[in-house]
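Here's a quick briefing for anyone meeting this structure for the first time. Have a look at the model, then read through the points below.

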Amino acid sequence: MSGDQATPGNDDYGKKTFRRSRSHFADRITADGRDGWPVEAGRYRLVVSRACPWASRALVSRRLLGLEDALSLAVADPIQDDRSWRFTLDPDGRDPVLGIRHLSEAYDRRETGYPGGVSVPAIVDVPSGALVTNDYQQITLDLATEWTELHRPGAPDLYPRALREEIDEVMAGVYEDVNNGVYRAGFATGQEEYETACAGVFRRLEELTPRLERQRYLVGDTITEADIRLFTTLVRFDAVYHGHFKCNRWKLTENPVLWGYVRDLFQTPGFGDTVDFDHIKRHYYQVHTGINPTGIVPLGPDLTGWLTPHHRQELGGRPFGDGTPPGPVRADEEVPVRGRP
């Protein structure tokens, strides 16, 4: 599956070998519109779940780049029904812009009878109501490089050309062993499969630790796409991956370097203010009934540590490079108190 998706087979998690499929709808929204989808303010709607790490990449990028007015936002309920992502958080259970109850309706308008899963993030063409793309790997790269005319003044360069080769290399390893590795461990169907995936998660995290001990960010001295992709997994680590996915060799809070790194990002405007721990915990523990059949959501962990001093600024670095932080979160996009530390 691509991104985070749910189907009537949620009970199958942990019973069938897990494989993440490539995105089926990989059209790109570009400045020159070469795929038929030109960048255009107000034309598209980004559909996310705040529970999903793949969708959270787009939430962070959109806010850092100041695309809130250009690319509207739909937030799905973290708990799906048999038609997957639904808009039950909105009045009358319909997205107020697209007028649909389920994201699957936008998929159907793009391809009737599409046999695959319904995943987020997804970008929908508002005039037609049809899905444009669910390519979670490409969406944020295009927001950073193709949507530049609509970026806010002072927006950071999240994918600087001079560093792209190194960023790509770092992201490839993080994807294989961390972003996707926690899922391969959590949905493993046998002991050997689980142990291989879990070992890979911690091997990669231990390789990243000395790198982040000597520098504030993964590549260069500013925040890049690589940091966004690692952050969205790390911010969920102790809350769900440590227990629910059995990635429990150690907690993130027990690694001073990584715990400081992720707190630094969490406290940076554009990162922590997009995170909803309530949505995260309820989604994983209540939706993945194959590995948590009771649907019980744990009370912990304590979230107050996310706001404690991290001292990462002592390593130097300039979070936004020559740019500036994003402004306050829009009132209609604030995370409810129940989901905040």
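This is a predicted model: local features need pLDDT of at least 70, side-chain atom pairs count only at pLDDT 80 or more; totals for chains, interfaces and linings use all residues.

*Strand pairing*

- On one hand, β5 pairs with strand β2 (residues 44-48); the two run antiparallel and are joined by four bridges.
- Within that pairing, valine 47 has alanine 122 of β5 as its bridge partner.
- On the other hand, β5 is joined to strand β6 (residues 130-133) by three bridges, and this pair is antiparallel too.
- Here the bridge partner of valine 124 is leucine 131 in β6.

*The annotated domain and a helix pair*

- The UniProt record, an unreviewed entry, puts the feature "domain: GST C-terminal" at residues 157-287.
- That span is 63% helix and 0% strand, and its end C-alpha atoms are 36 Å apart.
- How do helix α4 (residues 164-179) and helix α7 (residues 225-234) pack? Their axes are 9 Å apart and meet at an angle of about 10 degrees. Angles under 35 degrees count as roughly parallel, so α4 and α7 are roughly parallel to each other.
- On the α4 side, the contact is made by Ile167, Val170, Met171, Val174, Val178 and Asn179. α7 brings Glu225, Ala226, Arg229, Leu230 and Thr233.
- Sorted by class, the contact between α4 and α7 has seven nonpolar residues, two polar ones and two charged ones.

*Cis peptide bonds*

- Most peptide bonds are trans, and most residues other than glycine have a negative phi.
- Valine 120 and proline 121 are joined by a cis peptide bond, with omega about 5 degrees. Proline 121 sits in the loop between β4 (119-120) and β5.
- Another cis bond runs from glycine 300 to proline 301, where omega is near 0 degrees. You'll find proline 301 in the segment after α10 (277-287).

- Serine 84 isn't a glycine, yet its phi is positive, near 75 degrees. Look for serine 84 in the loop between β3 (72-75) and α2 (104-110).
- Is serine 84 buried or exposed? Its relative accessibility is 2%, so serine 84 counts as buried.
- Lysine 246 isn't a glycine either, and its phi is positive at about 60 degrees. The loop between α8 (237-241) and α9 (256-266) is where lysine 246 belongs.
- Lysine 246 has 40% relative accessibility and therefore counts as partly exposed.

*Glycine 295*

- Glycine 295 is found in the segment after α10.
- Which residues does glycine 295 touch, leaving aside those up to four places away in sequence? They are Tyr285 and Gln286.
- From glycine 295 to proline 210 there are 85 residues in sequence and 38 Å in space, C-alpha to C-alpha.

Technical notes
Residues are numbered from 1 along each chain as its sequence is written. Side-chain values use heavy atoms; hydrogens and water are left out. Two strands pair if DSSP finds at least two bridges between them. UniProt positions are given in the numbering used here, feature names are shortened, and annotations may be inferred rather than shown by experiment. Axes are lines fitted to C-alpha atoms, for helices over the stretch in contact, and angles run from 0 to 180 degrees between N-to-C directions. Angles under 35 degrees count as roughly parallel, over 145 as roughly antiparallel, 65 to 115 as roughly perpendicular and the rest as oblique. Contact means heavy atoms within 4.5 Å. Ala, Val, Leu, Ile, Met, Phe, Trp, Tyr, Cys and Pro count as nonpolar, Asp, Glu, Lys and Arg as charged, and the others, Gly among them, as polar. Buried means under 20% relative accessible area, exposed over 50%, partly exposed in between (1.4 Å probe, protein chains only).
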